[in-house]
Amino acid sequence: MVRVRCDQRLLPTSPATRRVRIDLQAPELEQTAKRTPLCLGLVLDRSGSMEGDKLAMTLQAATQALRALRHGDSIGVVTYADDVKVLLPVTAVSRDAVERIVGALRTLRAGGWTDLGAGWLSGCAQVGEATTDSALGRCLLLTDGLANRGITDADELVRHATELRRRGVTTSTLGVGHDFDEGLLRRLADTGGGHFYYASSAAQIPAMVAAEVGEALDVAAREARVWVRCGLKVQVRSLNDDPCTLEDGRFSIQLGSLRAGELRTSVLELRFTAGALDETEHIAIALSDRDGVLPVQESSLSFTRVTDAEAEREAPDVEVLREAARLEVAETHVRAVELLRAGDQEAALACVDTHLDRLRRIAGDDPALLVLMRELEGERAGYQQPYRSAAGKRLHFHAYESLKRRPPFLPSDLDSRTIALLWLDPGLTSVVVAACRALRPQAERAGVRLVEAGAQHLVRAFGPDRDQLTRDEERQMIELISGPALTVAYTLRQHHDNWFSHWHPKQRVAFVSLHGWEGMTSIQYSALVAYEGLLHGLRVLSPQYDPNLFFHRDTRGCLFDFCERKKEIEIKLQAGHICDPCCERLTSLGFDLPTVARAWSAVQELAHSPLSHQPGI
Amino acid sequence: MLDLNELCARTGVTARTVRYYIQQGLLRSPGQTGPGAKYDGGHLARLLLIRRLQQEHLPLAEIRKRLQALDNSAVEQLLKQRPARSSAADYVRDVLSRSGKGVPSALAARASRSEPAPLDRSQWERIAISPDVELHIRRPLSRDDNRRVERLIEQARRLIAGEPGLD
C-alpha cells in the first residue's frame, strides 16, 4: 500500500517549496514466509562510570535480548572501555550458546575510559563477518558516556556509520544517563540505518533493548528507500531527517528497516528554483528495498507554473501541511537541543524563532497548526536557560521519536466501544504496537476497536525528571489522557505506591507502570502490555465486569490469579490458562469464551520465550 | 522450462512483479500467456540479474538498458561475479589500523586470511560427547574417516559415561 500526495500542485514562477507526503505500509509476514534472521552485535560500554546499576541493568537487558532470539539468529558481544574485548564472537543462537553468553556476561567489570569508536567499529566488524545476504546485520551500541579515547571526531564516526550501512551492517544506539552525547548517538543511528534510544535511568535499559531487539526480529523490508527523479530545478530534503543523497541522478532517501505491517509516513520537502509561466515540473517517486517486498511501480506528480496570485489561491491539502508542520517542529527541537548542548544558545534560539515565524505565517486559522504554534511558543522559554541534561535529553528523544515514527495521535472519532493503549514514554512505542497487533484479531471479532497512540506530548518536556510519579502528577496525567474510549496508559516510571496498575473508574483509565521488571530475565514487555490491555479491555464488553471480582488468591496459572509479586505475573503469563470457575463467571457475564481464551493465548505467545524451556527460571 | 509459480519460487519475485517486468520490457514475454505459459533458463537468469541490480538500487530504466545489451551467456557470466565493495570487517580493519589502534585479537586472527571466499571456508562440526566434552570435526571427511569417526564417538560416549568400552 502506497499513497503519494502533495500540498499544492501549482507553483509560482518565483522559487517555492512544496511538500510530498508518502504513506506506505510494509506487508505482514505470511505464516509460511521465512522471517529475516537477525545477526546482532551488542557493544557494551564498561568504562568506570557504568559501574553499579547501569552495568547490572545492561547485563539484564542483554540476557533478556538473548532469550528473544530464535533459531537462525546469531549474537555476539563486544565490550569496551579504553580497550576493546570481544566477549563473545558472533555465534549462532542455541541453548548452548545462550549459556556461554550468560556466563561470559557475568564476568563483566567496569573501569577505564571510553573508546567508543573502537568498541563500536569492532562490534560492526564482528557482525559484518558473520552476517549473511539474507540476514539483518545490526550492531547495538550501549553507552553512558562520551567518546573520550581513540576516534573522537563525531563527523568521522558518522561517516563510518554510513559506510558500514552500505556494507550491510546497520547501527542502533542507546544512551543512558546524563553524560552521553545525544547528538552523536542520534546521528550514528540515523546514518547507520538504525534507531536511537534514550534511557534516563538504568531501570529503563531493559525495556529499550527489548524494543530494539523486538523490532529487529520483525523486519519485513531491509534498507527501504524512497527514490525521487526530478529535473535540475528541484532540491529534495527529508522532513523526517532521513539521510537523503543523490545517486545516479536520483534523490535517494533512506527509510531504514520496516517492520512487518509497519505504517510509515515519509514527508519530503521539494525546493523549486524559479521557472517560466506554464512550465511543468515532473516528479517521479519510486520505492525499493533489499527484500523486494515494497511495490516497484513509480508514482508521478506534476507541478505547473502559474501566476503568483493563482498559486496563492490554491487550497492546500491540509493533511500534508499538518504532517509537514508537525515534523518541522520536531526537527527544530532535535537541532535546537543539540545546539544548546554544544553551548550555542544563540543558534538554538534562532532555530526556534525561524520556525516560529514560519508557523505564524502558515497557521491561519487551522486548529492543528495553531496548537503546534502555541506549543512551540511555550517551549521556547526552555531554550533561554542553560542546557539541563535530563530535560534536554528527554525533549530531544521525544522529538526524535516524533520524526521517525508514524504520527502517534489518537483518531478523533472514538467511542465507548474502543480500547486505547497509550504509551507515555517514547521507548515503549514498539512494545505497545506489538501488543496491539497481537490482540487486534480477537478485539475485532468481539466488535471492539483497538487503537494505539503515543501520549508523550502530554508529558511536559521541561518538567520533572524523577523516576517516580507523585499522586498529584498521576491525577493530572489521567485528566489529560481520559476520553470516550477505555484507556490503558503505560509508563516506565514508578507509581507512588510502587503497585503495577491503578484503575481510575470515573475517567475509565488504567494507569500501568512497567517499572521494576528489569530483574525478570525472561519477561517480554509486549506481553505485559497486552496482559493489562486484555484485563481492562474486557470492561468494554460488559459493564458488570471488574477484574477485582475475578481475582483469586490460589494460584491456578489462570488469567485472574491474584499476584503480589512480579514473579507470579510472569508465571501466569506463560501458563496462559483460564480456570473453570472463572470461565463460568465470564460466560455468565455474557462474554464469548473462545474469543477471550484466544486473546489470552495471544498474550501467552508474546510471553513465551523460545529458549527458556524451564518456567520460572 | 518453468511455469510462473516455479519461476516465482526460484527467484523470490511475485507473479505481479514478473508481469510488470514483462510489461516494462525488462523480460521477454513467454509467448503463450495464461496458465500454460512456460519460462526458460534465459528468463530465470535475467530475472535473477534484475533482482540483484534492483538490490543494488539501480532504476528500472537503467536495468532495462543494461539487459538489452546482454545475450544469455553474458547474463550468466554477470550472475557469477561478486560485487566489488569491501566487506564491513575489512573496512573496519582498515579504519582501525589507520587510526593507530590495535585490532582486537578475534579480528586480527582473521586478518591473516586471504580475501574472503565464503565457499572455501572450512566447516567445523562440534559433536557433544558429554555436556563437558566435545569432538571437533572438519567436514568433508572421506567415507572411511566418517566410519572411523562414528566408532570413535560411540566409544568415547561409552567411556565418558563409565560404561565398559571395546578396548
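Trainee: Which side chains meet in a salt bridge?
Mentor: Those of Arg93(B) and Glu129(A) do, at 3.7 Å from N to O. Please bear in mind that this is a predicted model.

Trainee: How many salt bridges does the rule find across the interface of chain B and chain A?
Mentor: The rule finds one. As for polar contact across this interface, two residue pairs are found, both at pLDDT 80 or more.

Trainee: Which elements of chain B give two or more residues to the side that touches chain A?
Mentor: They are α2 (15-23), α3 (41-55), α6 (88-98) and α7 (105-111) of chain B. The most comes from α6(B), which gives seven residues.

Trainee: And how do the residues on that side of chain B divide?
Mentor: There are 12 nonpolar, seven polar and nine charged residues on the side of chain B that touches chain A.

Trainee: What area is buried between the two chains?
Mentor: About 2,600 Å² is buried between chain B and chain A, and carbon and sulfur atoms give 59% of that area. The contact draws 34 residues from chain A and 28 residues from chain B.

Trainee: Let us turn to the sheets. What is the strand order in the open sheet of six strands?
Mentor: In chain A the order is β6-β5-β4-β7-β8-β9, and the pairing is mixed.

Trainee: Why is one side of β6 and of β9 left without a neighbour in the sheet?
Mentor: β6 (84-92) and β9 (193-199) of chain A stand at the edges and have a single partner strand each, so one side of each has no neighbour there. From one strand to the next, the twist averages 10 degrees.

Trainee: In what sense do β4 and β7 of chain A pair, parallel or antiparallel?
Mentor: Strand β4 (residues 38-45) and strand β7 (residues 136-143) of chain A pair in the parallel sense, over seven bridges. Leu44(A) has Leu142(A) in β7(A) as its bridge partner.

Trainee: Which helix lies across β4, β5 and β6 of chain A?
Mentor: Helix α2 (residues 95-106) of chain A does, and it runs at about 165 degrees to β6(A).

Trainee: What about the sheet of four strands?
Mentor: That open sheet of chain A has the order β1-β3-β14-β11, with antiparallel pairing. Its edge strands are β1 (2-6) and β11 (234-238) of chain A.

Trainee: What stands opposite Val4(A)?
Mentor: Ile22(A), in β3(A), stands opposite Val4(A). Helix α8 (residues 318-341) of chain A packs on this sheet, and its direction makes about 95 degrees with that of β3(A).

Terms used
Residues are numbered from 1 along each chain as its sequence is written. Chains are lettered from A and ligands numbered from 1 in the order in which they are written. This is a predicted model: local features need pLDDT of at least 70, side-chain atom pairs count only at pLDDT 80 or more; totals for chains, interfaces and linings use all residues. Side-chain values use heavy atoms; hydrogens and water are left out. Two strands pair if DSSP finds at least two bridges between them. Contact means heavy atoms within 4.5 Å. Axes are lines fitted to C-alpha atoms, for helices over the stretch in contact, and angles run from 0 to 180 degrees between N-to-C directions. Buried area is the accessible area (1.4 Å probe) that two parts lose on being put together, summed over both. A salt bridge is a side-chain nitrogen of Lys or Arg within 4 Å of a carboxyl oxygen of Asp or Glu. A polar contact is a pair of N or O atoms within 3.5 Å; within protein, one must be able to donate a hydrogen and the other to accept it, and residues adjacent in sequence count only if both atoms are side-chain atoms. Ala, Val, Leu, Ile, Met, Phe, Trp, Tyr, Cys and Pro count as nonpolar, Asp, Glu, Lys and Arg as charged, and the others, Gly among them, as polar.
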